[in-house]
Structures are given as C-alpha cells and as structure tokens.
Amino acid sequence: MAAGIIETVEDVTPNVLRAMSGADNVRLQTVMEAFVRHMHAFAREVNLTEAEYDLGIDFLNRIGQATHDSHNEGILFADAIGFSTLVCLINNGNAGATETAAALLGPFWRANSPRTANGGSIVRSPTPGPELFVTCEVVDVGGKALAGVDIDVWQSSPIGLYENQDDTQADMNLRGKLTTDAAGRFSFRSVKPAGYPVPTDGPVGEMLRAQNRHPYRPAHIHFLGFKPGYKSLITQVFVDDDAHLESDVVFGVTRALVGDYRRNDKGEPPAPGVEAPWYTLNYRFVMEPGEAILPKPPIK
Ligand code: BEZ
Ligand code: FE
C-alpha cells in the first residue's frame, strides 16, 4: 500500500494514525491516537451500518443544538453513559481509600452562596418538608481536624427542585457557605432533599426512553470543600432511603457516599419548635494535600 492510498478496509486505521502522528503536542497525539483506535474498533465490533452512522452523527449534532447558556446537553450525555463519573473517579482519590470519594459537580453549583454561620439555617424561604440537621467534620488523611475549610453546600428541596428551577423558593434557598471551626466541624440546618429527574426534553431523554431507563438521581446534598494547600473536594452525600440509590441515572453513587440520614420520631428535638420526624446526618470528610482550585460555576 502506498502511504495515503487505501486498498482495503484494513488500511484505513493505520493510515489515519500515520496522518496524525506529527502533532507537536505529545498529549494531543496520545489522546487522539487512542481515540481513533477505539472508535475504529467500535465500528468494526458492531459492524456499524450507514443508517446507524447517520443516526449517531445526527444525535451528536442535536446535542450541540440543545446546549445553551443554562443547559449543557453534552455533559448530560457524558453523565448518562457513565463517562463523567468514570473520569471523576480516575482523577480523584481511590473510591474513598484516602480522600473522600469525589462525585460530580453537576449543573447547579452557584458561586457566592450566602455565608452561613456554623449551626445556621440554609432554609431562606418557607420550604415544607422534614427538617434536617447536618453535622460534619473535615480531617486530613492522618485524621487531624482541618480548621478554616470553606464548605459550599447546595441541595434540592423536598419536592426535588433547586431554587433556580423553582419560583416559589427565595434566591439562594438551600445553599450556603460554611467554614470549619477549630475542631474541623461545621453544621447547618436544612430540610431533607428529594431526588429529581435530569432533563428529558432533548436527545439524552430520547436515549433514556429507548433504553427503558428512568431519569432520576437519588436525593443528595452537594459539598465543595476548599482550603489552600488541600485538593478541593467536590462530592455528594446520598440519602440512604431513596428508591433510586442503586439506579442513579448518572452513576454517581459510591458506597462510601451513602449517608446515614437518621429519622428521629421522639426525644428532645434539636431546636425549639421542630416537629417529628426530623432527620440528622453526620458525615466525616477527608481532604488530601494538593491544589485548591474552584471549578467554573455552571450557572450564575
Ligand atoms: C446533580 O447532581 O446536580 C446532577 C449531576 C448530573 C446531572 C444532573 C444533575
Ligand atoms: Fe444535584
């Protein structure tokens, strides 16, 4: 075979790899070479038809068209095929062996959440539902308390809506920024979050329906820990009685991230006027040394 001229189907892959072998950027070269090898192997493995090829290209184009300032269908697709969680776990910790397991940032983090005093409430407008009292500690990999860690928390309401999706909630409801005290602890008052569906009005929704999959995420609270000198910790703690815990549409549930959201039916309530049942959550986060960086907020 003369270089560049294809005589049989076997010639295509080596030809493409040779054409791409001159990149100055070594990392680009490595990533693209593996990408092409796997894409070609995939087409061979399934004997991809031309109709399926057209359908796939149309699907990708429509993912782009469905993406705008406040919605990223591309990330949602990566989430729904487990790719986002795979990349997250490849890059962060060892499923909790050292630092706390990471989980997806998701599309709902907002920068500049209101500063909230330790023990304060993140309920900023009436939000019916079981009350929840969260007490956490943050330690380093040696178990030493970490003081002065900024912790962003954000969650959905007991009907499964973030405040930016729900006109009945005040701006920044169920969001807050706390700081760990000298014992590495932070605590806040909230309401029990509910699970919620990911958007299903685009190509990803079509895929989920075609696969007979439900679109739900199990209920969770998001945490983002930030302290100079420590690797930023982006994670979620899941509600243990959620019906979708074992079938998260974005595959985000790691065993160690299932929290003990304990139901309390009697006894002294943790604050005056709290009616049973109320829930309590205690959780311990471990942060390892590394780079403290904040992600780009997906929404304003
Ligand atoms: C979230 O946890 O907020 C989320 C993650 C991935 C897709 C949709 C929502
Ligand atoms: Fe979420």
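Reader: Which residue forms a salt bridge with Arg 284?
Author: In this predicted model, Arg 284 forms a salt bridge with Glu 137, and their closest N and O atoms are 3.4 Å apart. This pair links distant parts of the chain, with Arg 284 in strand 10 and Glu 137 in strand 1, 147 residues apart.

Reader: How accessible is Arg 284?
Author: Arg 284 counts as partly exposed, at 43% relative accessibility. Glu 137 is also partly exposed, with a relative accessible area of 23%.

Reader: And what about Lys 231 and Glu 99, how do their side chains meet?
Author: They meet in a salt bridge with an N to O distance of 2.7 Å. Lys 231 lies in the loop between strand 7 and strand 8, and Glu 99 in the loop between helix 5 and strand 1, so the pair ties together parts that are 132 residues apart in sequence.

Reader: Is Glu 99 buried or exposed?
Author: Glu 99 counts as buried, because its relative accessibility is 2% and the cut-off for buried is under 20%. Lys 231, at 18%, counts as buried too.

Reader: How many salt bridges does a search of the whole structure find?
Author: The search finds 17. Arg 110, Glu 163, Asp 171 and Arg 175 are linked in a network of them.

Reader: New topic: where is Tyr 196 found?
Author: Tyr 196 is found in strand 5, and this residue is buried, with a relative accessible area of 5%. A polar contact of 3.1 Å joins its side chain to that of His 220.

Technical notes
Residues are numbered from 1 along each chain as its sequence is written. Chains are lettered from A and ligands numbered from 1 in the order in which they are written. This is a predicted model: local features need pLDDT of at least 70, side-chain atom pairs count only at pLDDT 80 or more; totals for chains, interfaces and linings use all residues. Side-chain values use heavy atoms; hydrogens and water are left out. Helices (H or I, at least four residues) and strands (E, at least two) are DSSP runs, numbered from the N terminus. Buried means under 20% relative accessible area, exposed over 50%, partly exposed in between (1.4 Å probe, protein chains only). A polar contact is a pair of N or O atoms within 3.5 Å; within protein, one must be able to donate a hydrogen and the other to accept it, and residues adjacent in sequence count only if both atoms are side-chain atoms. A salt bridge is a side-chain nitrogen of Lys or Arg within 4 Å of a carboxyl oxygen of Asp or Glu.
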